[in-house]
Amino acid sequence: EALKNMGNNGRLLFGLATLAPGVLSQNTGGAEIGSVGGITVNGQRPNSNNITIDGVSNIDTGDNGGNMATTNIDSVAEFKILTNAYQAEYGRAVGGQLQVVTKSGSQDFHGSGYWYGRRSDWDANSYLNKRETPEVPKSKTARNDSGYTLGGPVTFPGFNTEKNKLFFFWSQEFER
C-alpha cells in the first residue's frame, strides 16, 4: 500500500530507490529514472547496480546499465534496495541491489483500476520563470497513465475450490 500511495514522478520503481541514503539519481531537472542504470549507490558507477524480479536477474548483461523489462508499480508486493554489506549471493555487482517481488493471486478475486493524469494547466509556473521579464511560460505537459490489476484462483469444474492451490495475477498499464 505504501508503494502505491507514495508520490513518484513517472510511477517507476527506480524513483523509490532514491529514498534510501547514498542513492542518487543520474538525471537532472527532475526527469524520470527509467532504468537501474539511472542511479548511483554510494559513489559506484551506474552500471554497477543489479535488479532482480522474483529472484531472477533483470539486467542487460551487454552494458550492465539497463534492465530487460520494466515492472508496473501496481504489481509490486515488495521492494527493497541493498546498498552495502550484503551477502555473497548478491556478488554480481558492487553497487545497489534492487529486489522486487511481484504480487500473486489468492483464494479470493481482487483487482484494481486506476488513471493518473498530468496536465500543464494543473501546474504552477516556476519561480525562475516568473522572475524573468517578460514571464517565461511554463512547459506544456500532457500525460495519461492508466491500468488495472486482477488476481484470484484458477478454478476447474468438479474440483474442490476450498483447497485450490493454483492462482493467477495479471497487471497491465498503458502510458500515453
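The model is predicted, so local features need pLDDT of at least 70 and side-chain atom pairs count only at pLDDT 80 or more, while totals for chains, interfaces and linings use all residues. Residues are numbered from 1 along each chain as its sequence is written, and side-chain values use heavy atoms, with hydrogens and water left out.

- N125 sits in the loop between β7 (110–119) and α3 (127–131); helices (H or I, at least four residues) and strands (E, at least two) are DSSP runs, numbered from the N terminus.
- N125 counts as buried because its relative accessibility is 16%, and the cut-off for buried is under 20% relative accessible area (1.4 Å probe, protein chains only).
- Beyond its neighbours within four places in sequence, N125 is in contact with K130, E135, V136, P137 and K138, where contact means heavy atoms within 4.5 Å.
- The side chain of N125 makes a polar contact with the side chain of E135 at 3.2 Å, and it also reaches the backbone oxygen of V136 at 2.8 Å.
- A polar contact here is a pair of N or O atoms within 3.5 Å; within protein, one must be able to donate a hydrogen and the other to accept it, and residues adjacent in sequence count only if both atoms are side-chain atoms.

**The core**

- The largest nonpolar core has 20 residues, and I39, F79, I81 and L98 have the most contacts inside it.
- α2 (13–17) gives the largest share of this core, 4 residues.
- A nonpolar core is a set of buried Ala, Val, Leu, Ile, Met, Phe, Trp, Tyr and Cys residues joined through side-chain atoms within 4.5 Å.

**Pocket and cavity**

- The largest pocket is lined by 15 residues, with N8, N9, G10, R11 and Y116 nearest its centre.
- On a 1 Å grid over the protein atoms alone, a cavity is a set of points where a 1.4 Å probe fits but cannot get out, and a pocket is an open set with protein on both sides within 12 Å along at least five of seven lines; lining residues have an atom within 4 Å of a point.
- β7 supplies the largest share of that pocket's lining, 3 residues.
- As for the largest cavity, its lining is L12, L13, F14, I51, I53, N58, A69, T70 and T71.

Technical notes:
Buried < 20%, exposed > 50% of the residue type's maximum accessible area, 1.4 Å probe, protein only.
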